[in-house]
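Here's a quick tour of a two-part question: what sits around what, and what packs against what. Have a look at the model first.

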Amino acid sequence: MADTLTKLTYQTLQQGKSYLSFAHKTLSIQARKALKPNDLPMIPVPPELITKLQQRVNDLLAVDWQDAENGVYPTSLLFDEPWVDYLKQYPSLIVDMPSIWRRADGKKHQDFDRDIETDGYPSYYVQNFHHQTGGYLSDLSANLYDLQVEILFGGSADAMRRRILAPLKASLTAFSDVPAKQIRILDAACGTARTLRGVRAMLPQASLFAVDLSGAYLRKANEQLADMPGELVQLMQGNIEELPYVDNYFHAVTCVFLFHELPPAVRQNAIDECYRVLKPGGSLIICDSIQVADSPELEAMMHMFHETFHEPYYRSYMEDDLIDRLNKAGFAQVLPTEVHFMSKYLVATKAVDS
Ligand SMILES: C[S@@+](CC[C@H](N)C(=O)[O-])C[C@H]1O[C@@H](n2cnc3c(N)ncnc32)[C@H](O)[C@@H]1O
């Protein structure tokens, strides 16, 4: 009975989030129409595609519930929402919309306020990804990011992130002789720490580490992790291309929603670095956007995403062979790819004798 009630509550919460994000999208379209009545109309999504997408969301939520019910992670994680923060940030998100439209219309992709320091970052990174104000380099951007991503994915972004948890837990069985506290896990390109909250909830004793290029996002990550029990997560500002750790250090590395935002050569450097810092027998678990090969029916949508959301490297990402890259880096085994809603999952393991 308790389980049935919890499941219903979870389903209602997810439904509520999807209505709220739909309401916001409708508001944003209406506001834009009011400001620019002569704008080109949006291309409507065909009804059969909407049905398919809805089915994918339903499947995602079913697996999410199943993993919690099977004890992969605590059921409470399904309700881990920063509502107060979302409410606090929503007015700023509305106020920021005209700047985003101005940037999108003017194709201004490197538009930064003077007080934002862009020196010292790789040039591929100094971009207004998703037309974001401040790119990844401002506190405003870090504050709005989670809310924007949840709206984009109709409230299912965290459910997609959680799909790395079961394979992460399974991969650690290779180290069952290591005490829980001595297990070291790195979340590379951690952003605002939504993934880390999930990892911490599932593995309360493990030593968690995280790297991101953005100081602003790391500040937000620190804030978001402050109420989590257990040892502090060790956050470090750094580039995934030059991870600030010695070889063979981590039992597992996770990387969520990064590769589609990297140029092709950098994708390879990033995978090579993850391989280097993994212990023999350790696994890299990737969650990223779907690609044409696993979701050909959504190819038109992927093109639309690349063009309208300023994802400068998405076009090359759509066709990139990530498994080939993992093999090139030296990974001995790559499990069959999983796909959930708009993301895909790869688990690659470093040979025990490497
Ligand atoms: C789309 S966000 C994903 C963040 C987070 N993993 C999540 O699930 O929300 C991409 C993140 O990658 C970081 N990033 C981009 N290029 C990077 C690089 N070369 N090294 C480290 N972090 C990078 C950005 O600062 C940003 O926080």
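Does Asp 139 count as buried, exposed or partly exposed, and with how many C-beta neighbours inside 10 Å?

## Asp 139

Asp 139 counts as partly exposed, because it has 13 C-beta neighbours inside 10 Å. The scale here calls a residue buried if 20 or more other C-beta atoms lie within 10 Å of its own, exposed if 12 or fewer, and partly exposed in between, with C-beta atoms placed from the backbone.

Before going on, note that this is a predicted model: local features need pLDDT of at least 70, side-chain atom pairs count only at pLDDT 80 or more, and totals for chains, interfaces and linings use all residues. Residues are numbered from 1 along each chain as its sequence is written.

Asp 139 has its place in helix α4. Leaving out residues up to four places away in sequence, Asp 139 touches Ala 216 and Arg 219; contact here means C-beta atoms, placed from the backbone, within 7 Å. Gly 215 is 76 residues from Asp 139 in sequence, yet their C-alpha atoms are 8.8 Å apart in space.

## α3 against α4

Helices are DSSP runs (H or I, at least four residues), as are strands (E, at least two), numbered from the N terminus. Helix α3 (residues 83-105) packs on helix α4 (residues 139-152) at about 105°, with the axes 9 Å apart. That makes α3 roughly perpendicular to α4, a label for angles of 65 to 115 degrees. The axes are lines fitted to C-alpha atoms over the stretch in contact, and angles run from 0 to 180 degrees between N-to-C directions.

On the α3 side, the residues that meet α4 include Tyr 86, Tyr 90 and Leu 93; among their partners in α4 are Leu 140, Leu 144 and Leu 147. By class, this contact of α3 with α4 has six nonpolar, four polar and one charged residues. Nonpolar covers Ala, Val, Leu, Ile, Met, Phe, Trp, Tyr, Cys and Pro, charged covers Asp, Glu, Lys and Arg, and the others, Gly among them, are polar.

## Two domains

The domain assignment gives domain 1 (2-154) and domain 2 (158-349); such bounds come from an automatic or database assignment. Their centres, taken over C-alpha atoms, are 20 Å apart. Across the divide, 35 residues of domain 1 are in contact with 33 residues of domain 2. α2 (47-69) and α4 each give two or more residues to the domain 1 side, and α2 gives the most, with eight.

## Around the ligand

The ligand is surrounded by 20 residues, and the closest are Ala 189, Gly 191, Ser 214, Ile 240 and Val 256. A residue is near if its C-beta atom, placed from the backbone, lies within 6 Å. By class, the shell has 11 nonpolar, four polar and five charged residues.

How values were computed: Parallel < 35°, antiparallel > 145°, perpendicular 65-115°, else oblique. Contact = placed C-beta atoms within 7 Å.
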